Every structure is written in structure tokens, then in C-alpha cells.
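Hi,

Here is the structure I promised to pass on. Please open it and keep it beside this email as you read. My notes follow below.

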Amino acid sequence: MLDTIGVDSIDALFSAIPPQLQGLCQFDVMPASGLDELGLQQFFKQFTEANLAHHYDCFVGGGAYNRFVPPAVNHIASRSEFYTAYTPYQPEVSQGTLQMIYEFQTMVSELVGLDVTNASVYDGASAFSESAVMAVRIAKKRHTLLVSKTVNPHYRAVLDTYTGVLDHINVVPVDLTADLEAQCCAVGVPPNQVAAVLVQLPNYLGFLEDQAMVTAFCKAHGALKVAAVDPVALGVMAAPGKSEANPDGADIVCGELQQFGNYVNFGGPYGGFVSTSMAHVRQLPGRLVGCSKDRTGKRAYTLTMQTREQHIRRAKATSNICTNQSLNILKASAYLSLVGPSGLKHLALLSAQRAHRLADQLCRMTGVSLMSAAPYLNEFTLILPVAAQAVVESMVASHGLVPGIPLSRYESYFPNQPHALVVAVTEMNTPESLDRYVYALHHALTQLGAQPGPEPRMPAPAAPGLPKSVMSRSVPSPHVPNHKGVVQHV
Amino acid sequence: MSESSTKPALPTVRDAHGNTRSVATLFELSRTGRQGVTLPPLDEGADETALMQSILPEGWQRKRPARLPEVSQLEMIRHYVNLSQLNHSIDNNFYPLGSCSMKYNPKICDWVGNQPAFNLVHPEVPQALAQGTLGALYTLQAYLKDLTGFCAVSLQPAAGAHGELAGMMMIRAYHQRQGNTARTEVLVPDSAHGTNPASAAMCGFDVVEIKSNERGLVDLNALRAALSDRTAAIMLTNPNTVGLFEEDILSITQMVHEAGGLCYYDGANLNAIMGRAKVAHMGFDVMHLNTHKTFATPHGGGGPGSGPVAANEKLEPFLPKPTVEQRPDGTYWLNHDRPDALGQLKLFYGNTEVLLRALAYLVCYGGDGLREVSEKAVLNANYLKARLKETYHEPFTQTCMHEFILTSRHQRADNKDINTMALAKRLMDYGFHPPTVYFPLIIPEIMMIEPTETESKETLDRFVQAMVQIADEAKTQPDLVLDAPHTTPVKRVDEVAAVKQLDLNYFANHAQGAGN
Amino acid sequence: MAKAEDYGIPEGTKFLDTHEYILFDEDSEVALVGISHYAAEQLGDIVYVELPDVGEQFEQGDTFGTIESVKAASDLYMPVSGTITAVNHILEEEPELVNDSCYTDGWMLEITVNKAKQLDDLMDGEGYIEYVEKAAV
């Protein structure tokens, strides 16, 4: 090969790189030699064995949920032809990915009740931020966004990051249960300068807040409504998008699709979506697949409206996003086509049934109550008689159970809520695990000095399948780098 | 919107025996009452309707079910298997898509990414329960620092463009911290990826384009003229998008720094220089890595990716939070307590599964192996370039790095109807994915070829043979090329109609799914 | 060299180097604005034209809209300062009119000209054809 090229060494091919750079290029931390495949499997054991979460009963949600993933989903997602293809720029050899995305767009549009859905963005939080910035583009000369204080704190944090660098956008957190006009005036924003009101259904705390005030505000002042939604809830919840049948609906709906066939994966990769009406389609960020024809008249799919995107519009694109989360939405599509409309409704109901049963039992304890009387589905927030963080620590340590997210973890978005605990329940939490939860909470409250009332029935033995060695190990010790920070391989 | 009377025929797939089968949409396959998975019943024999009434007020209830597909598991599997067979993928054949590093990823890396002990860890569990994941991420941070020469890494960005956005935000924060709000311009070469100007614009910067010189490199005079006290930064890919290493890189970064600007490195082409040069040594202040591209996560039809950012001491305080850190007792924690950090850029911490595959890849190759990866990638590209330069016009004659560009100028001289797109489409008939075409925008009728290190000489030779034959066809049987592709499941797609008669949703544009 | 009428350029049409044209009617002091046949051909099949609202005012050189083909998007620049009095809404449904007949049915704006003197700086039809023939080499 070198002869064909006409050089006598590999080094000659790198002659454009200044020699002083090449001389400096030594690795100090990475080992010089690689591992064989078996060695690699063994190397990763130190990490997999140090992870304990999957041995615990987990009642944690807050934007990602441990749900049943039917094996057929990953069977399809691991097909080489989907898995090792690139973005479908050449439609003639990418019809599989393109049709899959078109079907995905249709399914999500059906769920949310809007015309069009993009081919996905990174996750729910970036979908929320992209939706917010999109609303400002649509509203043209209006630059204020009202964001409900009950929106997922991660979504709000990402929104703050995205809009923090855009001097023209002003984000005002609001309380949806109080007068919105008054809250605008309090920060000196005339209501007719509001581009959009951003809400979450159900909100971070799990509750469905009454939307009458938001609807009235948007109508009176011509603001758009942006709703982040829980996609599983859409199995039972009215489609949130604005339509003839639902004139009070949201102009833009966005959300996180992880629950459809994707594992929680310590935060990613997931997939976010943005849906809207055809009237606003030109402002959508991210890829879109359209159905067209080939030159013989056969139905054929292609990426379309690409002039919105960075590779054509460059600095004037609707977003800088390049990838979509194709493989994650393939999982979502495969999931939705397996469960269908009745399966999705069923799973939403089953989770909600268990959540309500758990909440009812927990609220029988003295000093334990729901934070709101608003309706909820599979997630709710409890007010405990003691600090929620302490309760979590106690239940994790003594009962092999993670009971939820202490709201104090997001102090800057939910100030002064030390006793609040956000609890999520899915079909993965068995009825037996609910009993263990009730018992464990009672035990934890008692230990922490509260008097929760009569002790509940002792549940079935704790966490079947949980190895003793795991239970007894409080501080796991995975591999330990040596003093130079060099990771040992053996 | 298409009328049902003119409904086009359903697309077909050719199976191994050359038979065609129709591939209807899921909505056309749907039949009321079918379901592809069995699910546990409601507890205590509860009734769905009664339960719905008890938990959800009337006004919140869904009245019309979403028209999701109702298909059996077999129908669902067949549908997607059939669809998959319409795709070209690396596991099928050569995929020399320039700028995309379509390399083969060892399946062992997927094995790592698919371990339930990683997959089932919820991001909000107490960190004591996720020490394995945190330890792996910490190790990855250490390796990426070593690879790039930077002192700090954040694994948070979800993709390359997301990393660019983070980097631009950090640069903005840095200048503001210096009290310098007048630095509003970001310099971007005219050959840059579209994400560069888009990311700068998303941060509120004005984009100033720098012309390339006749050798395809940054024109130092143009750069000098563009630098001013308004310059916030330059964004560079090196090797650049025409596959050439910026030989003057040390002067470029020095000039930008002297003007008070910072230097951003787009890591898209890192595959060419691993073990040969560290990005920090070139004078850059911050960069992103495309871990899915340079290391190991198959592209999945467009994603997911992952775009960690690495930075030097100057920009380290602004890295997005949290970062993974280690306590003296050897345990790991997520450090949110970084007062100057950019806030959060995505839900939770990063695309963990993709990052784990990247770590697997790095451990699999080791430092020497990575150097060999780059050497082989550069060797393959130069070999292909040498074999093809007789047949196709080569705008830049220098030794290339991991990719190179050609144009259809010679073929167009013979027949002006022939263009690069036609040649690209004809390649599909030979079973190859076309190179990247019409990018970068600085050269007309361009094709950018990146063979990657994982391809054998035999595959490269087969590709050369096809390219030479197509050039011959362009001369002798131009219609064969102009009408290509001929053997793909669908022929040339009408992209004009796709925009003018926008059809983005099955139900809005087609008759209701049959059978319902 | 080709003549202006060979391309269907109406007499008196003036051009910007960014390929927008203006046809000024001295009696009514209104002008039609669009893009040249050359620009339309270079863009290929035009699929979308975004135009401003009636009543908006622009200075010479301001961006007044966008024109798109499948793989390209270009800004549209105002040949002279003026106020929009009408826009060609038919282009929303039939953007291909710009390809078919840019100087007639494919017009984009009708404007009142604020500074007629600015017209003097623009190329006339013959000059424009020379300009694009040079660019094509």
C-alpha cells in the first residue's frame, strides 16, 4: 500500500503534523496495550459488580422510569441494518430508517393530538428547551417565557442554560395556581409580551394541575402554550395538543420517550420529541421525514425541510442539532407497536393503580400526607413527618429499597421542602414490593423519631434475589487507581 | 396532500431470492384487537373503566384512543426486519461516508453497553448504589484527558453538536468573567461543519467566515484580517473537513490568542491523529469528542451519540456540571458544587451507555492500539486517494489524513449532465454507500471519502474497481449513471415533492389504516 | 453576447449583484421586486418563498425574505429602500412560479420607492447578463 502511495513509511503520511507535536504525544494514564475480548469482559466486572442499584426495589422516577422492556424491542434494535447505519441522507439505501421515523412521527403525533412531530432530539429536557426557544421564534417580537415552577427541575435547569446565553429571552418562573397577570406585572413584564407559558403534565411532583388559569391567560394575551408530557400517561390522558376538538390545548407539546422501550441507563441515551401544528412546522428543530414518491411512482420516504437545519442554514438554522436519537426512537416505535393503544392504556392504569394503592396505605400513617389534592397517575409527592433525605438513607441502608427522590435535592427549584418525597410506581414494582415499602417507611419513620401509628403487617421476605453480600456492603469498593491515578488492569 | 385515488403503490423489498414483498406501514397492517405483547392484569381483578373513573377526573380522560398500531408480535417483527433490509449499514458493506467515521465497532463494546448492571441503574438513585457506573465514567474521564492533553473533562453533552454548544457557552462565560462583553464574533472556516456556525449562533455569537486558501487550509492572511478585539474564538476541525492537517496550526492558535480570542477544537476528525498529536498541545483551549464516532457506538441510523467536552485550566471552571470525582477512600461522587460551571445541558448526566462503549473501546485498544487505529485510517485513505486520482479530479494533492476529497470535474468535462450526485447514486448499484457529497461547500461537485481503519485492502480495491468502472460508464453509457440507482428498493426519490406536498404524518395524509 | 430580451427581462429592469431585480414604474412610483432568471436556475426547483408583511419598511440591502430549494436557502435582499404595498401570496402555494416566470407571475413584492436615486447604482439588464456570464466562467 505504501508503494502505491509512493512513500516509504507510515511516518511520512504524518509529515504535515509538526514534529514538536508528535514528540510530545505520549500517554501517561492509558495503558499502552489493549485487552483481549475475554480480558475486557473481566475488566468490566469490577464495575458491574460495584453497581448495586439493580438489586434494589426502586420507586424513583422524576423524568426516567424503570419499565418493562419487551425482549422483542431489543431484538429489533440490535438488527445490524438499523444499528450500524448512519443518518439517512441517501434515501434510496435508507428506506428502513426513514419509514421507521415516519411511523414514529405519526405515532407520537397521534398520542399528543398534533399534526407533526420531529424525528427526536437528545432528551426531554432538550426538547423542552428547544420548544421554548421555538415558541419565541413563532411569537416573533415577544421575548418572555413563563415557566411553571412545578416543571421538572432538570428541564428548568437545561432551559436556564440554553436561554442564559440568549440575551433576548427572559424566563420568569410562575405559580400556576396564582394570578398569572399579577406575576407578570410583579417582574415588570406586560402580559402581552409573553411568548409562551410552559407547563408539565403531570408536573414533576406527579400531579395534574388545573389548566384553567393558563388557558385563560394564553387566550387573553395571545401567548402560546407549551406542554411537556409524560408519554405513558397519554395512554389514559386526553391528548394535550391544540386541535378543533381541543381548542384549549397546547401549541407545542414535548416530552421524553425513555419509558417507551429504553432502559434508564443512568441518564441516557434517551429521546425527546417536539410536536406542533402544520402552521409552525418551519420552526421545528431537528430532522423530519416526509413521505414522497420515487421516480417510478412508488411510495418512498426522505428527509425533508432540511433547509431548517444546520448543514444548510448554518448560523441561521432552527437548532444546531445534527443527530437525532434514531436507535432510541426505533425502540420507542417497536415498543408502541407491541403494546398498541390498549396495552399503553393498560400499563398506565396498572402503574396508577399501584401508585394509588401505595399512596393510600402510606397516608394512613400519622404525619404522612399527599402534597396536593390534585389528581395523579403513577407518581406522587408525599409530605413526611421527618426529613425525606434521612428517610431515603434509612430505607436504602436497612431495607434494600429506594423510596423516591427527596425534593430537597433540588433545593434551588423547590425551596423549603425538606419533608417532601417524590415517589414513582410502575408495573415493575410488584404488589409485594408495595407491602415492603409500607413496612420499611413505617420502620424508618419510627427510627427517625416520628410516631407513624400502628405497625403494618410484616411483608414477604425482603427483596428476593438480593444477594447477602450486597446487602452487607455499604461502601462498595470497585477498582482503585494507584497513587498516580493510573487505573490498574489486573 | 395526496388523494387516495392516486395512492402510490406500496414499497417493496427484495429478499435473498430476488422476490419482492410489499412493506406496508404499521398503520395499514393494524387490525383492531391485536396486541404484540402479553401484560400482567390489573391487581385484584379491577376493571379498567372503573379504575379510570376513580383516579382521573372526567375532563382529563382520553376519549379517543391514539391510533397506535394493533399488530401481533410476529407482524411487528416481520415489519421491522423487512424495513431493516431496506437499509445499507456497515455490517452489510463498505460505508465510506466522509466526515462520519463509519468504522466497524467491535461487538464486545456493545456487550459492555448492554450489561443489565449498567442499564438498570436509575440516574436518581443514591450514588452509593451506582459506584460501578461512576467508576467507569471516572476512568473514561481520565483516559480522555490523557488522549487530548487537557486537564478536565465533562461527559455531559449528548452529541458532537451538543458538545460544541457547551464549548461555545464556556467561551462566552470566560469572556464575561473577564468583564469582556465586546467579544461577540466567532471565526469559522468556510469549510467547517454546519454545526459550528449553528452552535456559535445558538450562543448569541456573530459568525465570521474565514476563506480557505488554494491548498484547502486556513488562509493566514484572511485570519489576520478577521481577528480583532471583537473576536471571541475560532472554531477549527483539524484535520479539516477536506482531510488535511492544518500545518500552521501552532501559528493559528497563537494568532488567535494574541488577539485575545480562544480556540475551539471540533473533535469530529480525531480519528486521524490519536497518538500522533494531542489537541491541547496544538494550542486549543476546549474541544468536544464524538465518542460514538471515534470510538465505539454504532451510529444507529442517526444517533444516539455522545460529545464530552475537554478543557484546559483556563476554561475548566466553566465545564458543564456535574463531573465525576473520586474521594480519598476510593469512592466516586458527582460534583455539582462548581460555582462557575455552566448549568446542566441535558437530563441527568450524559449518554452513559454510549460512554461505557467508548471506555470499552479505549481499554480494548490501549494507547498503542489507538495510534495504530489512526495510522491505518490514514494509510487506507491515502491508498484509496492514490488509486483514484488518475480517474477523478483531486483538488488538493497533498498527503491527506483519514479522508480526502475528489470531484467529478473530469467526468463533467466529457458530459456536463453527469454530476457527483449521479456518480454517488450509481455506487449504490455496486453495493457501496456513497461518500459524503456536496460537502464542504467550498469545492463544487465534491465527494468526500473516508474509508476508516477497519476496512481491508481487498474491500478498498473492490471500491476502486467500482469507482473506475462508473467513470467509464459515465463516458460510454451516461444514462446508466444518470438514472441510477437501479437496484435499490426504491429509485431516485422526489425530494422536491417531499417539501412541496409535505406529508409528515400517515393519518393526516392517507386513507385511514386498512381494517380498522 | 446574449440580449436581455432573450431572457425575458422587461425593459428598465435593474439588478442587484445578489440577483434581486426591481422594475420601477415612474408614473405610479411603485416597483416590483423579484429574483432573476439566473438565480432561479441556480437554485433549482424552488419549494418555498418567505415574504414580509404589507406595510413593513426596509432599507436598501436589508433582508426581506428567504427563498429555498430542497438543498439550499438564500436570503433575499432589498434592491432599494422602500415600503411593502403588496406581496405575491400565490407563491406560498406555487413557489415554482419563480422558476417558470420570475419577471411576471413570479414577482415577489410591490413596493413604494423612498429613494429613487438608489436605482442609479444598480445594474441594467445588459450589465447584469455580462455580470452573470463572467461569474459562470
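Start with two helices of chain A. Helix α7 (residues 95-112) packs against helix α13 (residues 326-362) at an angle of about 50°. Their axes are 9 Å apart. Keep in mind that this is a predicted model. Two packed helices are described by just these things, the angle between their axes and the distance between the axes. Angles of 65 to 115 degrees would count as roughly perpendicular, and those under 35 degrees as roughly parallel. α7(A) and α13(A) are therefore oblique to each other. The crossing is left-handed.

Which residues meet? From α7(A) come A:Thr97, A:Met100, A:Ile101, A:Phe104, A:Met107 and A:Leu111. Their partners in α13(A) include A:Ile329, A:Leu330, A:Leu336 and A:Leu344. By class, this contact has ten nonpolar, three polar and no charged residues.

Next, look at A:Gln325. This residue sits in the loop between α12 (310-313) and α13 of chain A. Is A:Gln325 buried or exposed? Its relative accessible area is 0%, and buried means under 20%, so A:Gln325 is buried. It touches residues of chain A, among them A:Tyr122, A:Pro269 and A:Tyr270. It also touches B:Gly303, B:Pro304, B:Gly305 and B:Asn351.

Last, go to chain B. Helix α14 (residues 420-429) is mostly covered, with ten of its ten residues buried. Among them are B:Met421, B:Lys425, B:Arg426 and B:Asp429. The buried residues of α14(B) pack against β13 (436-437), β14 (446-449), α15 (457-476) and α16 (478-482) of chain B. Just after this helix, B:Gly431 has a positive phi of about 85°.

Best wishes

Technical notes:
Residues are numbered from 1 along each chain as its sequence is written. Chains are lettered from A and ligands numbered from 1 in the order in which they are written. This is a predicted model: local features need pLDDT of at least 70, side-chain atom pairs count only at pLDDT 80 or more; totals for chains, interfaces and linings use all residues. Side-chain values use heavy atoms; hydrogens and water are left out. Axes are lines fitted to C-alpha atoms, for helices over the stretch in contact, and angles run from 0 to 180 degrees between N-to-C directions. Helices (H or I, at least four residues) and strands (E, at least two) are DSSP runs, numbered from the N terminus. Angles under 35 degrees count as roughly parallel, over 145 as roughly antiparallel, 65 to 115 as roughly perpendicular and the rest as oblique. A crossing is left-handed if the near helix is turned anticlockwise from the far one by less than a right angle, and right-handed if clockwise. Contact means heavy atoms within 4.5 Å. Ala, Val, Leu, Ile, Met, Phe, Trp, Tyr, Cys and Pro count as nonpolar, Asp, Glu, Lys and Arg as charged, and the others, Gly among them, as polar. Buried means under 20% relative accessible area, exposed over 50%, partly exposed in between (1.4 Å probe, protein chains only). Lists of a residue's contacts leave out its neighbours within four places in sequence.
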